Amino acid sequence: AAIAEATAAGIKVITFDAPAPSSAALTYIGTANEAAGYSAAEELARAIHGEGEVAVLQAGLGSPNLNDRFKGFQQYMAQKAPHIKIVAREDEQGKTDMTVNKTEALLEAHPNLTAIFGLSAEVCPGVAAALEQQGKAGKVVLAGFDDLPDTVAAIRKGVVSFCIAQRTYKMGWLSIEKLLDAVNNKSLPRQIDTGIVLINKENVDTYMQDMKKEFEK
């Protein structure tokens, strides 16, 4: 409703980071979440050598963007990794303490668990804490979305195998660029996929500078 009101008043509106597909926004600039989930599953499958049990955690099972990520993740596993089984999908409500509790319960319920994957930002820090408490850091592969400082630190320590970062700098840059186009009455595509970047031990200290280089003149 707010977007419709602004549009009716002649204000140019775009969305970035999170889409509002049923609104009057001119474009969405951000991650194509289903494709990102597919790529994440591909990397996780590589990390666990194409077999094992995987548990998935996310903040809210009703979140459209997270559900799109899971859809792509699940699609890759079904199509390309038949020896990997998704044994659980849990809602940790976006809370680190609940993530720790869910992780402890998963480890007890699935003693042969190979990996845990987080579809939302707080998962990796919460799971990392639980794995370290139980002496299972590095034994259970951990990966997920978003480059929170605690996640980046855990990658350096080897507790987190990798994370999928959204190209946030590109989102911000293109948002201003496309708003300027809109003000100048140029047409915009309905969606602009800004892509993702894989962060692991090899590029954990350089990825941010690498993302910014794309826009250096």
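Predicted model: local features only at pLDDT ≥ 70, side-chain atom pairs only at ≥ 80, totals over all residues.

Mentor: Residues are numbered from 1 along each chain as its sequence is written, and side-chain values use heavy atoms, with hydrogens and water left out.

Trainee: How many helices and strands are in the chain?

Mentor: Eight helices and nine strands, taken as DSSP runs (H or I, at least four residues; E, at least two) numbered from the N terminus.

Trainee: What share of the residues count as buried?

Mentor: Of the 217 residues, 45%, with buried meaning under 20% relative accessible area and exposed over 50%, partly exposed in between (1.4 Å probe, protein chains only).

Trainee: OK, helix α3. Which of its residues are buried?

Mentor: L66, R69, F70, G72, F73, Y76 and M77. Seen down the axis of α3, these buried residues fall within an arc of 160 degrees, so they line one face of the helix; the arc is that of the directions from the helix axis to the C-beta atoms.

Trainee: Which residues are exposed on the other side of α3?

Mentor: P64 and A78.

Trainee: And what covers the buried residues of α3?

Mentor: The cover includes α2 (33-47) and the strands β3 (52-58), β4 (84-91), β5 (113-118), β6 (141-145) and β7 (162-166), where contact means heavy atoms within 4.5 Å.
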